[in-house]
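I opened my notebook to look up how a few parts of one protein model sit together. My entries follow the display.

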Amino acid sequence: MRQLHNMRTFFPRDPKTLTREERQKALSSLIFLKEKESGEVKDRTCINGVPQREYIRKEDAASPTVATDSVFLTGAVDAYQRRDVAYIDLPGAFLHTLTDEKVIMVLRGELCELMCLVEPKLYRKYVCKDKRGQPVLHVELYKSLYGLMRSVLLFYRKLRKELEDYGMQMNPYDMCVANKDTKHGQLTVLWHVDDLKLSCKSKVEVTKLICYLRNIYGDKMTIKRGGKGKYLGMNLDFTEPGIFQVDMVQYVKEILTEFPEKIEKMSPTPHSDNLFTVRDEDQAVLLPEEQAIQFHRTTAQLLFLSTRARKDMQTAVSFLTTRVKKPDQDDRRKIKKVLEYLNGTVELKLRIEVKDLRVMRWYVDAAHMVHWDCKGQTGAAMTLGRGAVLSYSWKQKANTKSSTETELVGVDDAISNILWSLYFLQAQGCGTSHAIIYQDNKSAILLESNGKWSSGKRTKHIKAKYFFVTDKVADGDVIIRHAMGDHWSFCS
């Protein structure tokens, strides 16, 4: 509460001077306590901005945040170029941001009394009683507070302008990635609200940017430098030269601990051969409501994990996400299989090594008619040397008549991510000229390379949109090659 006062976050208002509409729209103040990993208890005073949804559209308050894929791509570049890396947490970020709207906040009960203890002469004379006899203090916000719908957007605009004033330019394919060319090499900044990741070959350039930000946000700015750091829930490790490692060991342990059944077994794989097998509704035994809720929660946790450090279980998790509405006993056994796999691989890390930034290799494959509704499953992975920098697994949205058509739909599923990663690295100045897509179906490769010219009686029904990749082959952005067997073992 003292920080709010010292930062001049708001000023008191006499309730008699407020209009009826202002009193009705007044937002309540809240305080939350959170225990950090270090054991330190941190309090956060915020505002209940839920009522703002009635008059502020979501698109007017949405703010960009760094894409997870951008973290992996830039992390691979950092390791390849042996960059110095730093992580910054900006203290009281919103309290440095001016609000552009009139917001009245009301502090009731103990919060009101706490505020009066901070500066009695300023606040006490504005305190009144509500119908319940509780003390009430009305204040008008001068700065943004956590909880306001537009706070994140306003802070994004502020931080972006500060970085641009420093000479940084945004990557047009991720507006939370900025770069500056210095005499010591490229300086890169990623940010998710108030969490920043800095990297450059020169420690001097990283230090200069840290000093620039410290002059704005003060000496309480949290800075972590060195080969290891935590960013967006992931442990990033650059200690081994040329190697980028990612793990979420603590999060894996939390998932295993929170699951109501104790997981004692260990499985060598995250799923069995019957992953996509689903019983008919009259034969399925649905889970009780409590277990169904737990299934949904655990699936969400696994989804968060599989899109980051544990990409090795994406196929299993992709299927589980299709079962959260009406999970049955078979689904519970399948999610336990994933947990048993995690139990045996708790310490497993994602290990990425770049051989050449100019060569981007994508491996795209699809399984034909594996789901209960006869739809296929797409898998795609990208490597710059060893290890999958990016990877995905999706259930296809269209039914197909043959494995060749399934492969074509699979490439169409992946092409947006393939092109985005290509253009992102090009904007980063990595010299990547094109993406190479490897497939094991020669008929699909002919269709993708030549379009309708290679289409016959069995494929003439395929919609034109699935030949978008043909245009990209003609433009030179994509090259499609045939690969079989050991060529797919790019992770080893």
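**Entry 1: two helices**

I looked up H14 and H15, and they are therefore roughly perpendicular to each other (angles of 65 to 115 degrees count as that; under 35 is roughly parallel, over 145 roughly antiparallel, the rest oblique). The axes of H14 (residues 442–450) and H15 (residues 468–475) cross at roughly 70° and come within 6 Å. Axes are lines fitted to C-alpha atoms, for helices over the stretch in contact, and angles run from 0 to 180 degrees between N-to-C directions. Helices (H or I, at least four residues) and strands (E, at least two) are DSSP runs, numbered from the N terminus.

I noted that this is a predicted model, where local features need pLDDT of at least 70, side-chain atom pairs count only at pLDDT 80 or more, and totals for chains, interfaces and linings use all residues. Residues are numbered from 1 along each chain as its sequence is written, and side-chain values use heavy atoms, with hydrogens and water left out.

**Entry 2: a sheet**

I traced an open sheet of five strands in the order E13-E14-E15-E16-E19, with antiparallel pairing. Two strands pair if DSSP finds at least two bridges between them. E13 (228–231) and E19 (385–386) are at the edges with a single partner strand each, so one side of each has no neighbour in the sheet. I then checked E13 with E14 (residues 234–237): they pair in the antiparallel sense over four bridges. Glycine 229 stands opposite leucine 236 in E14.

I also found helix H4 (residues 68–80) packing on the sheet, where H4 touches E13, E14, E15 (243–247) and E16 (350–354). Touching here is contact, meaning heavy atoms within 4.5 Å. The direction of H4 makes about 140° with that of E15.

**Entry 3: aromatic rings**

How many aromatic pairs does the count come to? I got 16. Rings of Phe, Tyr and Trp (its six-membered ring) pair if their centres lie within 6.5 Å; planes under 30 degrees apart are stacked, over 60 edge-to-face, the rest tilted.

I looked at tryptophan 362 and tyrosine 392, a stacked pair with 6.2 Å centre to centre and 5° between the planes. Tryptophan 362 is in strand E17 (residues 360–367) and tyrosine 392 in strand E20 (residues 390–399), 30 residues apart. Tryptophan 362 is buried, at 0% relative accessible area (buried is under 20%, exposed over 50%, partly exposed in between, with a 1.4 Å probe and protein chains only). Tyrosine 392 is buried too, at 15%.

I noted one aromatic cluster as well, formed by Phe94, Tyr146, Phe155 and Tyr217.
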